[in-house]
2 protein chains.
Amino acid sequence: MAITATEPTAVRAFGPGTALSCRECGERYELSPIFACQFCFGPLEVAYDFGDVTREEIESGPKNIWRYRSLLPVPTNVADLPNMNPGLTPLVRADRLAAELGLRSLHVKDDSANPTHSFKDRVVAIAVEAARTFGFTTLSCSSTGNLAGAVGAAAARAGFDSCVFIPAGLEEGKVVMAAVYGGKVVAIDGNYDDVNRFCSELIGDEAGESWGFTNVNLRPYYAEGSKTLAYEIAEQLGWRLPEQIVIPIASGSQLTKIDKGFQELVKVGLVEDRPYKVFGAQATGCSPVAKAWENGHDVIQPVKPDTIAKSLAIGNPADGPYVLDIATRTGGSVEHVGDDEIVDAIKLLARTEGIFAETAGGVTTGVLRKLVREGKLDPEAETVIVNTGDGLKTLNAVDSGVTATIKPSLAAFKAEGLA
Amino acid sequence: MAITATEPTAVRAFGPGTALSCRECGERYELSPIFACQFCFGPLEVAYDFGDVTREEIESGPKNIWRYRSLLPVPTNVADLPNMNPGLTPLVRADRLAAELGLRSLHVKDDSANPTHSFKDRVVAIAVEAARTFGFTTLSCSSTGNLAGAVGAAAARAGFDSCVFIPAGLEEGKVVMAAVYGGKVVAIDGNYDDVNRFCSELIGDEAGESWGFTNVNLRPYYAEGSKTLAYEIAEQLGWRLPEQIVIPIASGSQLTKIDKGFQELVKVGLVEDRPYKVFGAQATGCSPVAKAWENGHDVIQPVKPDTIAKSLAIGNPADGPYVLDIATRTGGSVEHVGDDEIVDAIKLLARTEGIFAETAGGVTTGVLRKLVREGKLDPEAETVIVNTGDGLKTLNAVDSGVTATIKPSLAAFKAEGLA
């Protein structure tokens with residue numbers, strides 16, 4: 001299966017992507033629906049041959065992630081294909097939150113603006129194109145919730161069947177959003193790690209052979225979608241890397257791909273090379289990477305998740321070791337906050353910036369506050385935090401409700417002391 | 001209060017806006033927080049003196065509604081002020097829905113992509129700027145739900161206090177979204193029309209004198225925000241008016257302002273003048289405008305709403321007569337669909353296009369299908385429908401849930417007949 005050159009057809013279908021390459025041993029493979037190195041079991045990544053990519057080409061492109069198609073493993077005509085077309089979400093200048101925390105410059109990359117209101121639309125958009133190229137007819141995934149909705153929607157838009165797997169007991173908003181697009185939604189008695197193991201089993205079975213699992217056999221393509229967060233942040237800052245960035249950690253893939261995206265922008269000459277620090281954020285109830293960081297370990301000890309931040313509840317994060325490497329290399333760190341702080345941070349972000357984040361956004365905002373408090377973040381440096389999902393999907397996490405219920409009269413209004 | 005010229009300061013704060021003008025008798029007033037003509041009680045609208053507006057200027061502007069600031073009553077520096085910056089939502093080419101309905105060309109303008117996931121962010125964005133200019137310190141509204149969330153978020157972003165009024169018994173998602181931004185949320189025992197009457201009372205009282213009610217005393221500014229839907233649709237079609245458009249009706253304001261927006265684009269020379277038909281969509285359980293249309297009346301008989309489409313549940317729609325005028329003038333019509341059809345249409349749109357609409361979007365999609373079925377819509381003409389809100393806010397309307405719950409094993413999966 002290992003090859004040195006790819007066919008012209010494959011090259012066109014994957015844009016600048018030329019091969020899959022093992023992140024551990026460097027072994028190269030043809031662009032195909034595989035995800036682990038057959039020699040060392042390391043994860044496979046897309047390798048590229050980038051041509052000239054200019055700011056002008058990008059700025060005149062579609063107002064979604066396809067403006068960066070010259071840096072992504074997608075068909076060159078991707079903008080004409082049926083796809084959810086996510087991305088180019090707002091980079092919000094968060095002056096009121098910055099003032100409250102004592103920061104000079106803070107932006108929130110608000111990915112709740114994506115079609116199904118989480119960053120998962122980005123990764124699924126790439127996976128759908130790979131699934132189409134490989135001839136899969138069913139789109140699938142193991143999911144903590146957001147991914148299930150993104151896959152359901154993308155399959156509907158592109159005309160695939162879909163069947164998604166979630167742990168039983170997810171938030172209602174996430175279950176309904178996964179099911180409403182008409183595909184199958186199968187709940188697994190167990191946590192996300194159980195769901196993931198089940199999917200790996202299914203993929204080896206004939207029952208799953210026409211199935212594209214976005215985050216399993218399509219993972220090398222899928223994961224590249226997170227690079228677009230880096231591209232957008234840099235473009236929206238005026239083609240500049242931020243000095244500090246805080247990113248939530250589930251599998252750790254998003255954080256590693258944002259770092260990869262920044263590196264690529266430097267490599268192709270779209271931004272100036274300058275130091276940046278990457279900070280990872282976890283919920284205390286599922287903080288295997290933060291714990292490894294605290295203890296100075298380079299191996300991740302899996303945990304059994306117990307946190308309201310269900311979209312981050314991956315107890316055995318595949319990219320955890322790479323997250324540790326990046327935090328070390330850039331001078332950042334990996335921190336965690338408890339459930340009470342998560343809820344408080346959701347409200348802080350809502351109250352100061354009008355952004356209603358899901359629990360994962362509470363984790364990121366809470367860790368930002370903790371980093372400032374503990375002096376680990378430079379309050380003078382240009383800082384970005386990533387909000388990956390929408391509060392409407394985790395309604396039960398906040399106890400917000402009506403201030404009062406009254407009869408429709410001024411007297412009743414004044415009697416409640418509301419005037 | 002009637003004047004013939006406005007001060008230079010006022011003109012700058014409201015961009016091309018020059019005065020308020022009575023829609024009924026044409027009497028002109030200074031740009032101020034008033035909403036009804038003191039002579040004939042007609043609604044006041046912003047009058048403009050548009051300068052040269054070019055496609056190039058718009059296309060190089062911000063990727064939100066402020067790209068059209070030369071056509072809106074907002075400060076010329078609006079893009080630098082703290083605002084939710086809504087708009088430039090996707091115009092989705094809906095080929096799969098079109099095929100299912102037998103239409104040649106269909107697009108969905110998906111306004112669930114706005115910051116708080118409804119079109120209300122557009123109107124509130126304009127109202128916030130007017131509130132700032134007039135020196136109000138509290139932002140308020142009467143709301144069927146979506147507006148409350150948009151006002152709460154916008155007030156938080158811009159640093160206003162907020163107090164919003166909703167009918168008791170709204171969907172949980174809408175209540176939480178209104179409350180989470182930290183402002184006051186007051187539920188009124190009654191329906192939307194009761195809430196609206198209460199707000200008119202409050203506005204005349206000293207308790208409300210520093211309050212900007214987005215849809216009462218700021219209504220002339222607020223309502224202009226809906227014009228941006230027309231601007232975006234035309235720009236996204238390649239600077240062309242659609243031939244047919246289906247728009248939901250609550251107060252009727254959105255429909256009348258989309259029509260106004262199309263007319264303005266023709267007037268300033270940004271698009272070619274060509275005929276278009278405007279169709280209004282209501283839920284059968286609150287269809288006073290559709291009933292008037294059916295019966296050939298030009299007066300609207302108020303109704304007591306009883307429908308799952310709560311965001312459209314305005315029994316006494318202020319702009320109803322203007323909607324009838326526009327449907328007549330353009331050769332469109334006003335139709336209604338029942339609650340079962342609304343739910344079915346939500347699922348149809350989700351299944352074919354991956355768009356999860358709230359009940360109002362179900363009304364629009366359901367009416368589209370009805371219009372095609374009854375031969376009232378030309379299947380060959382370029383058609384656009386407007387989805388104004390997000391399914392996550394009306395979860396209970398759809399009964400979607402998991403297909404099955406299983407143990408994490410292939411055997412269990414196959415036993416359920418899912419393979």
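Which strand of chain B does strand E8 (residues 184-188) of chain A pair with, and in what sense? In this predicted model, the partner is strand E14 (residues 404-406) of chain B, and the two strands run in the parallel sense, joined over three bridges. The points below describe how the two chains are related and what their contact is made of.

- The same surface serves both copies, since 100% of the contact residues of chain A recur in chain B.

**Extent of the contact**

- Chain A gives 69 residues to the contact, and chain B gives 69 residues as well.
- Between them, chain A and chain B bury about 5700 Å², and 65% of this area lies on carbon and sulfur atoms.

**Polar and charged links**

- Six salt bridges are counted between chain A and chain B, including one in which Lys407(A) is joined to Asp189(B), with the closest N and O atoms 3.6 Å apart.
- There are also 16 residue pairs in polar contact between the chains, counted where both residues have pLDDT 80 or more.

**Make-up of the side of chain A that touches chain B**

- Helix H6 (residues 172-179) of chain A supplies the largest share of this side, namely six residues.
- The residues of this side of chain A divide into 37 nonpolar, 13 polar and 19 charged.

**Strand pairing between the chains**

- Within the pairing of E8 of chain A with E14 of chain B, Val186(A) has Ala404(B) as its bridge partner.

Conventions
Residues numbered from 1 in each chain as written. Chains lettered and ligands numbered in written order. Predicted model: local features only at pLDDT ≥ 70, side-chain atom pairs only at ≥ 80, totals over all residues. Heavy atoms only, no water. Contact = heavy atoms within 4.5 Å. Buried area = accessible area lost by both parts, 1.4 Å probe. Salt bridge = Lys/Arg side-chain N within 4 Å of Asp/Glu carboxyl O. Polar contact = N/O pair within 3.5 Å; in protein donor to acceptor, adjacent residues only side chain to side chain. Helix = DSSP H or I, 4+ residues; strand = E, 2+ residues; numbered from the N terminus. Nonpolar A, V, L, I, M, F, W, Y, C, P; charged D, E, K, R; others polar. Pairing = 2+ DSSP bridges.
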